[in-house]
Amino acid sequence: MVLQAIKGFNDILPPETAVWQFIEGEFRRLLDAYGYGEIRLPILEYTELFSRSIGDDTDIVEKEMYTFADRAGRSLTLRPEGTASVVRALVQHQLMKVREVNKLYYLGPMFRYERPQKGRYRQFYQLGAEVFGEASHRQDAEMLVMLARFFHVMNIRSAKLHLNSLGCEQCRPAYRRALQDFLAGRREDLCADCHRRVERNPLRVLDCKHPGCREVVAGAPKILDYLGEECRRHFHGLTGLLDEVGLEYEVDPMMVRGLDYYTRTTFEFLAGDLGAQNAVAAGGRYDRLVAELGGPSTPAIGFAIGLERLAMLVDRGQLPVDRPFIALLGLGEKAIDRLFPLRQELARAGVPARLNYRQKGLKNLLKKADRDKVNYSLIVGDQELETGVAILRNMESQEQRSIPLSSLLTEIVEVFNGHQNQ
Ligand code: ATP
Ligand code: MG
């Protein structure tokens with residue numbers, strides 16, 4: 001049997017990789033402009049990091065983690081998300097002592113044991129960023145404006161911002177009780193998982209995808225009605241700034257997100273065209289997590305973007321075309337050998353070129369160059385070797401001119417630069 005990749009684990013092949021490189025390039029450029037530095041993290045962590053941060057009652061920790069014992073019997077987990085590791089690194093390296101505000105971004109694979117389907121895989125990639133040490137609602141606004149900008153530069157117009165506030169440890173208990181009372185009265189309409197959640201972690205019921213639970217949740221009390229003075233001011237400060245800069249949003253009072261560590265602002269960017277897997281970016285504030293993982297009390301906010309889902313939204317038409325600028329057509333062994341060093345020199349000069357190593361007739365080689373849409377062909381055969389001049393053919397206009405073999409490199413580089421500046 002032919003070996004296959006594991007279900008839910010994808011190969012990304014050219015030309016699709018060009019879309020990924022485009023996204024990653026724009027992401028790095030934008031995050032750079034906002035003063036973030038890149039952090040590279042391990043893919044494996046101690047399991048405890050995720051159960052303590054994401055929360056034991058969440059779908060991720062309950063049923064989606066790739067967890068196994070290593071040879072020494074320690075429980076390790078393939079990271080299901082990036083934030084927990086960034087916080088672990090921040091605390092471990094005491095970055096708060098180096099800088100008051102730390103802005104970090106990452107990109108890389110995450111792993112969740114979910115049912116594979118369009119837009120949902122077991123290995124998937126996230127682009128994410130976190131800001132530590134800034135509690136102001138202005139930081140929340142900056143992050144959302146930056147994300148909107150990111151979609152804009154990639155020409156994605158369908159991403160819509162949904163916003164909520166989950167309050168803090170002061171306002172949450174009253175809401176939790178009100179929600180618990182409400183859900184207890186509707187127990188028979190909830191799924192089996194949610195029966196358990198009502199006691200242990202009632203906010204998780206709001207995130208249940210079960211149709212029966214969704215119906216119950218529609219009538220549940222709303223966290224926004226329970227926010228204390230400070231949290232209310234933070235939320236209104238944020239929406240006020242968004243209004244000022246003209247960034248549209250929809251307040252979604254039932255959005256809790258799938259991780260337990262959020263406080264105050266939570267958000268999602270939804271793209272209508274992705275079906276049920278429509279969340280393309282998501283995040284929120286988590287002002288208590290750093291302290292919970294053993295660091296000094298440090299406010300924080302972050303987001304993660306699903307790269308596969310984002311790639312589906314990118315219009316391929318805007319990508320730079322990936323094709324050689326020039327095909328070096330060698331007719332015969334001698335000509336091919338004469339062109340071999342030129343091919344290396346062109347690479348050094350940054351000119352995308354191609355050289356045939358098989359002997360083929362001129363007609364054949366030109367046909368292939370035409371099909372591959374190269375801009376120019378350079379023709380060298382026995383006759384050209386003898387006279388000392390090669391033929392440069394513009395594939396579009398079909399104009400040809402002669403170039404001395406002694407000045408091939410400089411002439412081609414000149415033509416290439418002229419073409420780039422057009
Ligand atoms: P969903 O509600 O779609 O399951 P989520 O709440 O689990 O998303 P997060 O944990 O917040 O998602 O991750 C942020 C982003 O990562 C999501 O908005 C999505 O774009 C992407 N993502 C999450 N899980 C997967 C997956 N299994 N396959 C592909 N992308 C994913
Ligand atoms: Mg999920």
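**Group meeting: a helix pair and a ligand site**

Let me start with two helices. Leu49, Phe50 and Ser53 in H2 meet Ala84, Ser85 and Arg88 in H4, where contact means heavy atoms within 4.5 Å. By class, this contact of H2 with H4 has three nonpolar, two polar and one charged residues. Here Ala, Val, Leu, Ile, Met, Phe, Trp, Tyr, Cys and Pro count as nonpolar, Asp, Glu, Lys and Arg as charged, and the others, Gly among them, as polar.

A word on the source. This is a predicted model, in which local features need pLDDT of at least 70 and side-chain atom pairs count only at pLDDT 80 or more, while totals for chains, interfaces and linings use all residues. Residues are numbered from 1 along each chain as its sequence is written, chains are lettered from A and ligands numbered from 1 in the order in which they are written, and side-chain values use heavy atoms, with hydrogens and water left out. Helices (H or I, at least four residues) and strands (E, at least two) are DSSP runs, numbered from the N terminus.

Back to the pair. How do the axes of H2 and H4 cross? The axes of H2 (residues 47-54) and H4 (residues 83-92) come within 10 Å and cross at roughly 105°. That makes H2 roughly perpendicular to H4, a label for angles of 65 to 115 degrees. Axes are lines fitted to C-alpha atoms, for helices over the stretch in contact, and angles run from 0 to 180 degrees between N-to-C directions.

Phi of Gln94 is near 50°, a positive value in a residue other than glycine.

Now ligand 1. Which residues come nearest? Of the 16 around ligand 1, they are Arg112, Glu114, Arg120, Arg257 and Ala279; a residue is near if one of its heavy atoms lies within 4 Å. By class, the shell has seven nonpolar, three polar and six charged residues. Strands S6 (123-132), S10 (279-285) and S11 (300-306) each supply at least two shell residues, and S10 gives the largest share, four.

For Glu114, a side-chain N or O atom is 2.7 Å from a nitrogen atom of ligand 1. For Ala279, a backbone N or O atom lies 2.8 Å from an oxygen atom of the ligand.

Last, a cis peptide bond joins Pro14 and Pro15, with omega about 5°. Pro15 is in the segment before helix H1 (16-33).

Technical notes. Parallel < 35°, antiparallel > 145°, perpendicular 65-115°, else oblique. Polar contact = N/O pair within 3.5 Å; in protein donor to acceptor, adjacent residues only side chain to side chain.
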